[in-house]
Amino acid sequence: LTDSSKVMFETEEDFQRQQNVDFYRTLFPKPSQWSYPTSMDNMIRQWHSISKVWALMESHEQKLQKRYNRVGLFRPDVVYTHPIRINSD
């Protein structure tokens with residue numbers, strides 16, 4: 001089983017309950033090459049996910065009483081063909 005303090009799964013219904021996509025859709029830029037409403041909704045989902053993972057990270061930092069020096073957010077559906085350097089040297 002997975003440690004629930006490190007992993008979060010949400011359904012589309014969970015997302016819809018937490019985000020007012022109708023409000024954000026009023027901010028859709030017109031004219032636009034984006035696809036309405038899919039592009040706006042996907043951007044809201046992206047920022048929602050980033051916010052949730054950041055909150056999990058901060059909660060974990062508090063539990064450990066440590067702060068992360070660097071954080072990387074990587075998509076699981078992308079193949080990275082070159083190393084991603086996160087060190088400062």
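This is a predicted model: local features need pLDDT of at least 70, side-chain atom pairs count only at pLDDT 80 or more; totals for chains, interfaces and linings use all residues.

Reader: What's its phi, then? I mean Gln 65.

Author: Gln 65 has a positive phi of about 55°, although it is not a glycine. For background, most residues other than glycine have a negative phi.

Reader: Is Gln 65 buried or exposed?

Author: Gln 65 counts as exposed, because its relative accessibility is 74%.

Reader: Noted. Switching to side chains: what does Glu 10 touch, leaving out residues up to four places away in sequence?

Author: Glu 10 touches Gln 18, His 48 and Lys 52. Glu 10 itself is in the segment before helix 1, which covers 12-18.

Reader: Which of those have polar contacts with the Glu 10 side chain, say Gln 18 and His 48?

Author: The side chains of Glu 10 and Gln 18 are joined by a polar contact of 3.0 Å. With the His 48 side chain, Glu 10 has a polar contact of 2.8 Å.

Reader: And how far is Glu 10 from Ser 49 in space?

Author: Their C-alpha atoms are 9.4 Å apart, while Glu 10 and Ser 49 are 39 residues apart in sequence.

Reader: How accessible is Glu 10?

Author: Glu 10 has 32% relative accessibility, so it counts as partly exposed.

Reader: Now the inside. Which residues make up the largest nonpolar core?

Author: Five residues in all: Phe 15, Val 21, Phe 28, Met 40 and Ile 44. Ile 44 touches Phe 15 and Val 21, and also Gln 19 and Tyr 24, not counting residues up to four places away in sequence. As a general point, nonpolar side chains in soluble globular proteins tend to be buried together.

Reader: What about the nonpolar surface patch, which residues make it?

Author: Val 53, Trp 54, Leu 64, Tyr 68, Val 71 and Leu 73 make a nonpolar surface patch of about 530 Å².

Reader: Where does Trp 54 lie, and why does Trp 54 count as partly exposed?

Author: Trp 54 is in helix 3, residues 38-64. Trp 54 counts as partly exposed because its relative accessibility is 38%.

How values were computed:
Residues are numbered from 1 along each chain as its sequence is written. Side-chain values use heavy atoms; hydrogens and water are left out. Patches are made of residues with over 30% relative accessible area and no salt bridge: like charges are joined within 9 Å, nonpolar side chains (Val, Leu, Ile, Met, Phe, Trp, Tyr) within 5 Å. Accessible areas come from the Shrake-Rupley method with a 1.4 Å probe; for residues, only the protein chains shown count as cover. A salt bridge is a side-chain nitrogen of Lys or Arg within 4 Å of a carboxyl oxygen of Asp or Glu. Helices (H or I, at least four residues) and strands (E, at least two) are DSSP runs, numbered from the N terminus. Buried means under 20% relative accessible area, exposed over 50%, partly exposed in between (1.4 Å probe, protein chains only). Contact means heavy atoms within 4.5 Å. A polar contact is a pair of N or O atoms within 3.5 Å; within protein, one must be able to donate a hydrogen and the other to accept it, and residues adjacent in sequence count only if both atoms are side-chain atoms. A nonpolar core is a set of buried Ala, Val, Leu, Ile, Met, Phe, Trp, Tyr and Cys residues joined through side-chain atoms within 4.5 Å.
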